[in-house]
Amino acid sequence: MTAGYNFAYLDEQTKRMIRRAILKGVAVPGYQVPFASREMPLPFGWGTGGIQVTASILGYHDVLKVIDQGADDTTNAVSIRRFFARVAGVATTTRTTEATIIQTRHRIPETPLRAGQIMVFQVPIPEPLRWLEPRESENRKSHAMADYGAMHVKLYEDIVRYGQIATSYDYPVRVAGRYLMAPSPIPKFDNPKLDRSPALMLFGAGREKRIYAIPPHTPVVSLDFEDHPFRLQRWTEACSQCGDTASFLDEILMDDQGNRRFVCSDTDHCAARQAAGQGGAP
Amino acid sequence: MIPCISVPFDPADPDDPEDAAGDGPLLEVSGLGFAYGSRMALADVDLTLWPGEVLAVAGESGSGKTTLLGCLSGELAPQAGRVGFLTREGKRVDMHSLGEAERRRLLRTDWGIVRQNPRDGLRLAVSAGANVGEPLMVLGHRHYGWLRGQAGDWLDRVEIPADRIDDPPATFSGGMQQRLQIARNLVTDPRIVLMDEPTGGLDVSVQARLLDLLRRLVSELDLAVVLVTHDLAVARLLADRLVVMKDGRIVETGLTDQVLDDPQHAYTQLLVSSVLQP
């Protein structure tokens, strides 16, 4: 292989162990499968879970895309992409449509995913119930009994304090009508993209040693109240680069006078629109 | 061996036609035994609790009162005996041979557990309304407006001002916290409530108010209550029947007034004569 490493860095035994965890995760959608997380050449919190999942599923002919908050060109994304180009020799891309595996930190691309693509999420805290109940033993029991009423307490508190459900990222979902799942800190804007997606979604938490999955075409429902339904955030502005009004926008402060601009968080989506001749207000 | 002086006990019969009609005793406990390692904490405990009845369990610290409550609700698994509970469907089930899922379901719908320290029974960081609403959310209610209405209703019944509904119980006084815990337990309309020293740690005037409240709620809702207390005055005020425990055994049972005014067992006599008269 390249650079004196086994293909995709991890040894074959480790990859088999992780693949078994992934298969179990796919068989039980939303269930957190424990696995023997390895040390990786990057610190916990930088995507050790995601990188192990990617390393285990990567094949010679895969095309890898890595995004960090939607962007292909941030340090974390560039480093992980370069890492796999070096230790696996696979092709990399920034185009969502060309990629077969997309490792992501906290976004799902705007371009609709297709069958055969795999999303790999980096997960800091896989346990959605930890906010209310710090005891892992209790939480496992809650999962086993599908005892999830307590999760609504958090949403209730949001409405009490802010007049609406103010949780805007890592918004809890129910997978296939059974397991409560933390969708990793993606904005709730991306939650509908999880529902019945044709792509396979894999979640890896390296520090917490958990892997879970959403198989293709699995119903994923965001929790809400009957009189306070799940709502997406909307922007009144358009992207200043490509003029898009429907994508997830980042706000950028321009100067000390408080001038600000909004740009697409998904850089590939924005670049593709600009290449197609779309432009925003300067 | 301490002799047990009591009215003869009607043994539990799972095929009792009275049970099937739904008018047998709500709780039939027989031969309950529990040990912490080699240290015996409960032995040969027999109890019956009828619907709408308040049963006080008195005894000194370490006599097994709290362990008994734990064994009744299934938090602790006794080494001997059974706890027969009459479900709404008129079936008598042993709380300890039920599957965990079924036991949890019963505890949520039919049981309330008021702990001695309200901090153990409440979520201190979330609002009072959410504390009262949580058992309902656990049961599957998903309408914010309705949940809030129920919470407001119950805060009113336990005499907590309506404008405190959004305050976390961490900002409440001890007496208010205890009343909030009671509301949280009663909101699901349970049939049996276990209370472990509900007035412990409260000053006497707050105690008196809480006791008035409990007495009113118990009669309004026709609750069956097992009340653990070391305060005989509380037992006298609230309880229909009283059992006295010593060293993990029941040494005397009977009507509250009967036991307190004419104690038969040496330990009960000691207990009754130890009460301070101001």
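**Burial, backbone and core**

Trainee: Why is B:Glu197 called partly exposed?

Mentor: B:Glu197 has 19 C-beta neighbours inside 10 Å. Buried needs 20 or more, and exposed means 12 or fewer. The value 19 lies in between, so B:Glu197 counts as partly exposed. Keep in mind that this is a predicted model.

Trainee: What makes the backbone of B:Glu197 worth a look, given its phi?

Mentor: Its phi is positive, about 45 degrees, although B:Glu197 is not a glycine. Most residues other than glycine have a negative phi. B:Glu197 sits in the loop between strand E7 (192-196) and helix H8 (204-221) of chain B.

Trainee: How do you know whether A:Tyr9 is buried or exposed?

Mentor: Count the neighbours. A:Tyr9 has 23 other C-beta atoms within 10 Å. The cut-off for buried is 20 or more, so A:Tyr9 is buried. A:Tyr9 also has a positive phi, about 70 degrees, and is not a glycine. This residue lies in the segment before helix H1 (12-27) of chain A.

Trainee: Which residues have the most contacts inside the largest nonpolar core?

Mentor: A:Leu202 and B:Leu227, in a core of 138 residues. Helix H5 (residues 149-162) of chain A gives the most to this core, six residues.

Trainee: What does A:Leu202 touch?

Mentor: Leaving out residues up to four places away in sequence, its partners include A:Ile22, A:Val53, A:Phe121 and A:Ala213. A contact requires C-beta atoms within 7 Å.

Trainee: Which residues does the second, separate core include?

Mentor: That core has nine residues, among them A:Cys242, A:Phe262, A:Cys264 and A:Cys270.

Methods:
Residues are numbered from 1 along each chain as its sequence is written. Chains are lettered from A and ligands numbered from 1 in the order in which they are written. This is a predicted model: local features need pLDDT of at least 70, side-chain atom pairs count only at pLDDT 80 or more; totals for chains, interfaces and linings use all residues. Helices (H or I, at least four residues) and strands (E, at least two) are DSSP runs, numbered from the N terminus. A nonpolar core is a set of buried Ala, Val, Leu, Ile, Met, Phe, Trp, Tyr and Cys residues joined through C-beta atoms within 7 Å. Two residues are in contact if their C-beta atoms, placed from the backbone, lie within 7 Å.
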